[in-house]
Amino acid sequence: MNAHHNASPPSSAEDAVTLTVDGRVLTAAPGQSVGAALATNGITAWRSTRKNGRPRGLFCGIGVCFDCLVEVDDVPNQRACLVEACDGMQIIGTYPQNERGQA
Ligand code: FES
């Protein structure tokens, strides 16, 4: 099993990558995608659909569906399932409960 398939946050602090998601500090395993980091930290929805405001997060997990879009270090519309989580990364979703209150 490689780092991309870890099902839980890293167990040792020295191995952890720290990122901020909507103001919340999370840890991820080195090499883990942002989407995987969110999921393993219990976050399953970080944006909502324009039409009905339905929650969205990981769906395909392979860069095809675009359900997982996030803003990464001020760059909008990044697919969380394809971006590797890096130390100090700032992630912003658009789910209504996030820090910005955007829908
Ligand atoms: S989950 Fe489908 S593109 Fe990321």
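Me: What is the pLDDT over residues 98-103, and how many contacts beyond four places in sequence does the model have there?
Reply: First, this is a predicted model. Over residues 98-103 pLDDT stays under 50, and the model has 11 contacts beyond four places in sequence for them. Residues 1-6 also stay under 50 in pLDDT, and 11 such contacts are present for them.

Me: How confident is the predictor over the chain?
Reply: Mean pLDDT is 85. A value of 70 or more is reached by 78% of the residues.

Me: Which elements does the chain have, and how do they run?
Reply: One helix and seven strands. From the N terminus on, the order is β-β-α-β-β-β-β-β.

Me: Why is E71 called partly exposed?
Reply: E71 has 18 C-beta neighbours inside 10 Å. Buried needs 20 or more, and exposed needs 12 or fewer. The count of 18 falls in between, so E71 is partly exposed.

Me: Where is E71, and what does it touch?
Reply: E71 sits in strand 5. Leaving aside neighbours within four places in sequence, E71 contacts P76, Q78 and I92.

Me: How far apart are E71 and Q90?
Reply: They are 19 residues apart in sequence. In space, the C-alpha to C-alpha distance is 8.0 Å.

Me: What makes strand 1 and strand 2 a pair?
Reply: Pairing takes at least two bridges, and these strands have five, so they count as a pair. The sense is antiparallel. V21 is bridged to R24 of strand 2. The two strands form a hairpin with two residues between them. In the turn, D22 has a positive phi of about 50°.

Me: How do you know that strand 1 also pairs with strand 7?
Reply: They share two bridges, and at least two are required, so the pair qualifies. Here the sense is parallel. V21 has I91 as its bridge partner in strand 7.

Me: What makes strand 5 and strand 6 a pair?
Reply: Three bridges join them, against a requirement of at least two, so they pair. The sense is antiparallel.

Me: What makes up the largest nonpolar core?
Reply: It has 22 residues. L19, V34, A37 and V70 have the most contacts inside it. Strand 1 (17-21), strand 2 (24-28), helix 1 (34-40), strand 5 (69-72) and strand 7 (90-92) each supply at least two residues. Helix 1 gives the largest share, four residues. In soluble globular proteins, nonpolar side chains tend to be buried together.

Me: Which residues does V70 touch?
Reply: Not counting residues up to four places away in sequence, V70 touches V34, W46, Q78, A80, I91, I92 and G93.

Me: What share of the chain is buried?
Reply: Buried residues are 30% of the 103 in the chain.

Conventions:
Residues are numbered from 1 along each chain as its sequence is written. This is a predicted model: local features need pLDDT of at least 70, side-chain atom pairs count only at pLDDT 80 or more; totals for chains, interfaces and linings use all residues. A nonpolar core is a set of buried Ala, Val, Leu, Ile, Met, Phe, Trp, Tyr and Cys residues joined through C-beta atoms within 7 Å. Two residues are in contact if their C-beta atoms, placed from the backbone, lie within 7 Å. pLDDT is the predictor's confidence in each residue, from 0 to 100.
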